Structures are given as C-alpha cells and as structure tokens.
Amino acid sequence: MSSCFGDIRDFDRVRQVMDAAQPEIIFHLAAQPLVRRSYRAPIETFATNIMGTTHVLEAARLCPSVRAIVCVTTDKVYDNHEWAWGYRESDALGGKDPYSASKACAEIVVAAYRQTMFSLAGDIQIATARGGNVIGGGDWSEDRLIPDIIRAIQDGQPIVLRNPKSTRPWQHVLELVRGYVVLGRKLLDGETSASTAWNFGPDSENEIDVETIVNAFLAEWGERVPVEIRSSTMPEAQFLRLDISKARFGLDWRPVLSRQDTLGITARWYRRYADGEDACMLMTEQIAEYEARLRQ
C-alpha cells in the first residue's frame with residue numbers, strides 16, 4: 001500500500017495524488033469528524049468537509065481512470081426532529097451544529113456532481129454512505145465515548161459523561177466498512193441504481209443510550225469504574241435512529257453483530273493492545289473472525 005499525506009483543502013495536492021494513482025474507485029473518508037471540535041473550529045470544519053469534498057470530486061472528474069466513488073458522510077446529515085423512528089434516505093437534510101451542517105452540505109455537493117458535473121466526465125457512479133456511531137479498536141479520537149472510557153481507565157480517573165440519556169445507533173467499524181465495500185462493488189459494476197444515498201446502521205438492539213452502553217462496555221471490560229455526569233454547554237442531539245431498509249433490500253447488506261458482540265470485540269482489542277499486543281495483528285485477527293462469522 002502506498003500512502004501519500006496531504007490536506008484535502010489543497011486542491012493542487014489532491015489532484016497531484018489522484019493523477020499519480022489513476023484509481024478506478026475512490027473511498028472518500030477524509031473529514032473533520034468531531035461534533036464538539038466543530039464548535040471550536042467551524043471554519044476548519046466547513047472548509048474540510050465541504051470544500052475538501054469538492055476538491056476530491058473535481059480531481060476525480062478530471063482523472064480519466066475513475067469509475068466509481070463512495071463518499072462517506074454521517075448519520076447526522078438529517079434535519080433532526082428527535083423522532084422515535086429512523087431517518088430514511090429521502091428525509092430532509094439539515095444540521096444544527098457546524099459538523100452536521102457541513103456534512104449535509106457535502107451531500108448536496110455530491111448530488112450536484114452526480115446530476116450534472118460527472119455527466120461531463122463520462123460514466124462515473126457516485127454514492128454517499130451515511131453511517132451510525134462507529135466503535136472499534138484503534139480509535140483514539142477526542143470526545144468519543146469508547147476512547148474516553150479507555151483513557152479514563154488508563155489514567156485512573158472517573159469516566160465523564162455529558163449526555164447519559166442520548167441515544168445513538170452504535171455499530172462496529174467492520175460492519176460499516178463491509179457496507180462501503182459492498183456499495184463500492186455495485187458502483188464499480190456500473191449499477192446506476194446504487195448511485196444514490198445509503199444508510200448503514202445497526203439493528204434496533206444497538207440503538208441505546210450512552211449510559212447503557214457504558215455499563216455494558218465495562219461489564220465486557222471486567223472492571224468497575226466510577227462515572228461522573230458533567231453537563232455540556234454545547235448542544236447535541238438527544239435521539240437519533242437510522243432506517244436501514246434500503247441497504248437491506250438494495251445491497252443485501254445487514255449487520256451481523258449483536259450488541260454483546262460489538263462491545264466484546266471492541267473491549268478485547270483495547271484490552272489486548274494495553275497488554276502490549278501489536279495493533280495491526282489484532283485488527284487482522286478481528287477481520288478474519290468477522291469474515292468467518294459472515295460465512296456462518
């Protein structure tokens with residue numbers, strides 16, 4: 001694998017790397033992905049998630065090898081009314097915070113390229129993937145629940161929760177990555193019906209509140225850790241669900257991991273990494289275990 005580091009806000013650099021690679025398919029995941037950081041750095045967030053996405057798509061349009069693009073956004077692109085039912089791909093886009101708004105804008109950028117700009121570049125199929133709250137070994141991002149728990153355990157500090165009753169669609173990263181790959185294969189095969197937006201989320205048993213998932217994770221971890229509630233002044237949605245019917249029927253994709261599986265796999269990765277095992281080896285092993293489960 002060849003790795004090239006750069007900033008997607010730099011169009012010349014993006015195009016240079018694209019022209020050098022001459023890819024057939026692009027998975028666009030680069031972003032400023034943190035809600036709370038978006039309040040502190042709104043210009044960076046909008047520039048990265050909107051113009052950065054535009055740069056990737058324009059470089060792809062000018063690259064003759066490109067046939068398909070999977071553009072990853074988020075479950076937070078919807079105009080959230082705190083509904084009890086899941087959002088569908090046809091529901092209105094929106095965003096009350098800079099992160100959500102920037103990702104909703106990225107969806108509009110993708111739609112513009114799909115409907116007009118890519119018609120000028122030949123047959124490029126493009127889809128957006130709207131994933132739920134992802135957990136799994138190797139994530140060390142700030143202000144994310146599982147990494148915050150691990151850091152608290154390592155530092156001997158209480159776990160701090162901002163919104164313990166907030167409900168999210170939690171899923172393991174491998175479930176979501178499989179969705180990206182399945183979608184990318186459809187696009188690469190020229191299936192125009194796949195060139196649209198897709199939700200990828202868990203079954204309803206994994207749509208639980210923060211407090212419940214913390215308790216379940218600590219049960220998998222095998223230790224009791226004190227928890228403190230500290231309310232945040234930054235607004236965050238309290239309730240969010242995704243309707244994944246379209247992916248089930250249109251892509252034959254569905255989650256296979258239960259809540260216990262999801263938390264158990266995640267806890268084991270962090271526990272074994274803390275004991276000194278190699279990150280790459282752990283991830284390779286868990287991918288193999290997940291693939292075996294898919295064949296059952």
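Predicted model: local features only at pLDDT ≥ 70, side-chain atom pairs only at ≥ 80, totals over all residues.
Is Thr 45 buried or exposed? At 0% relative accessibility, Thr 45 counts as buried.

Thr 45 belongs to helix H3, which runs over residues 42-61. If we set aside the neighbours within four places in sequence, the contacts of Thr 45 are Gln 32, Ser 38, Ile 50, Pro 98, Tyr 99 and Ser 102. There is also Leu 34, which is 11 residues away along the chain, with 8.8 Å between its C-alpha atom and that of Thr 45.

Let me now step back to the chain as a whole. The protein chain holds 10 helices and 9 strands. A compact globule of 296 residues would have a radius of gyration near 19 Å, and the chain agrees with this, because its own value is 19 Å. Along the principal axes, the C-alpha atoms fill a box of roughly 60 × 40 × 35 Å. Of the 296 residues, 47% count as buried. The accessible surface comes to about 14200 Å², and carbon and sulfur atoms make up 53% of that area.

Two further values describe the whole chain. Among contacts with a separation of 6 or more, 81% join residues 24 or more positions apart. As for charge, there are 34 positive and 41 negative charges, and their mean positions lie 2 Å apart.

I return to individual residues with Ala 106, in helix H4, residues 98-115. Ala 106 counts as buried, with a relative accessibility of 2%. Apart from neighbours within four places in sequence, Ala 106 is in contact with Asn 49 and Thr 53. Thr 54 is 52 residues from Ala 106 in sequence, yet the two C-alpha atoms are 7.9 Å apart in space.

Which residues does Glu 175 contact, leaving aside its neighbours within four places in sequence? They are Trp 253, Arg 254, Pro 255, Val 256, Leu 257 and Tyr 290. Glu 175 is itself part of helix H6, residues 173-188. Although Glu is a charged residue, Glu 175 is buried, since its relative accessible area is 2% and the cut-off for buried is under 20%.

Arg 130 counts as buried, at 4% relative accessibility. A polar atom of the Arg 130 side chain is 3.4 Å from the backbone oxygen of Glu 89.

Next, I turn to helix H5. Its buried residues are Leu 145, Ile 146, Pro 147, Ile 149, Ile 150, Ala 152 and Ile 153. An α-helix has 3.6 residues a turn, so residues three or four places apart point the same way. In the buried set of H5 one can pick out Ile 146, Ile 149, Ile 150 and Ile 153. What covers the buried residues of H5? The cover includes strand E4, strand E5 (159-161), strand E6 (167-172), helix H7 (210-221) and helix H9.

My last topic is the backbone. Most residues other than glycine have a negative phi. Asp 143 is not a glycine, yet its phi is positive, at about 60°. Asp 143 sits in the loop between strand E4 (133-135) and helix H5 (145-155). With a relative accessible area of 27%, Asp 143 is partly exposed.

Asp 252 likewise has a positive phi without being a glycine, at about 55°. The loop that holds Asp 252 runs between helix H8 (245-250) and helix H9 (259-274). Asp 252 counts as exposed, with 57% relative accessibility.

Gln 22 comes after helix H1 and has a phi near 50°.

Note on methods:
Residues numbered from 1 in each chain as written. Heavy atoms only, no water. Helix = DSSP H or I, 4+ residues; strand = E, 2+ residues; numbered from the N terminus. Rg over C-alpha atoms; globule rule 2.2 N^0.38 Å. Buried < 20%, exposed > 50% of the residue type's maximum accessible area, 1.4 Å probe, protein only. Contact = heavy atoms within 4.5 Å. Areas by Shrake-Rupley, 256 points an atom, 1.4 Å probe, with all protein chains shown as cover. Charge placed at Lys NZ, Arg CZ, Asp CG, Glu CD. Polar contact = N/O pair within 3.5 Å; in protein donor to acceptor, adjacent residues only side chain to side chain.
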